Amino acid sequence: KMKRILGNRVLIEQIMTKKESNLILTAKQKEDTENFEIERKVIMVGLGVNKEEIEVGDIPVFGKYAVEDSIKIVSKTDDVLVAHLVMNVDNIVGIDNLEIK
């Protein structure tokens, strides 16, 4: 486990769980993120992050390219992919803490 995040970075846990599906993919088709439920959560913030804007437990909103610019630590099973992303706080465009009912 990471001890701390430096500067204006955050550590985000992203859990992708495979959706139940009756679709049969051919060998040439790739599975994409639409086949997964994605949960994200901020689990650590650096000392340079404004704690009034982003705090541990927040659900961050960011674009596809923010993930490509981040440092990733990934573990994977057949149905679940867990990624820990170290990301610059400037790549986060919003916080979505609404619970879906």
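Me: What does contact mean here, and what share of the contacts in the protein chain with a separation of 6 or more comes from residues 24 or more positions apart?
Reply: Contact means heavy atoms within 4.5 Å. Residues 24 or more positions apart account for 65% of the contacts with a separation of 6 or more in the protein chain. The model is predicted: local features need pLDDT of at least 70 and side-chain atom pairs pLDDT 80 or more, whereas totals for chains, interfaces and linings use all residues. Residues are numbered from 1 along each chain as its sequence is written, and side-chain values use heavy atoms, without hydrogens and water.

Me: What makes a set of residues a nonpolar core, and which members touch the most others?
Reply: Such a core is a set of buried Ala, Val, Leu, Ile, Met, Phe, Trp, Tyr and Cys residues joined through side-chain atoms within 4.5 Å; buried means under 20% relative accessible area (1.4 Å probe, protein chains only). The largest one has 14 residues, of which V10, I12, I54, F62, L85 and M87 touch the most other members. β5 gives the most to this core, with 3 residues; strands are DSSP runs of E, at least two residues, numbered from the N terminus.

Me: Which residues does M87 contact beyond its neighbours within four places in sequence?
Reply: M87 is in contact with N8, R9, V10, I12, F62, A66, V67, S70 and I92.

Me: Why are β4 and β5 called paired?
Reply: Two strands pair if DSSP finds at least two bridges between them. β4 (residues 71-76) and β5 have 6 bridges, in the antiparallel sense, and therefore meet that condition. S75 stands opposite V82 in β5, and a hairpin of 3 residues joins β4 to β5.

How values were computed. Buried means under 20% relative accessible area, exposed over 50%, partly exposed in between (1.4 Å probe, protein chains only). Helices (H or I, at least four residues) and strands (E, at least two) are DSSP runs, numbered from the N terminus.
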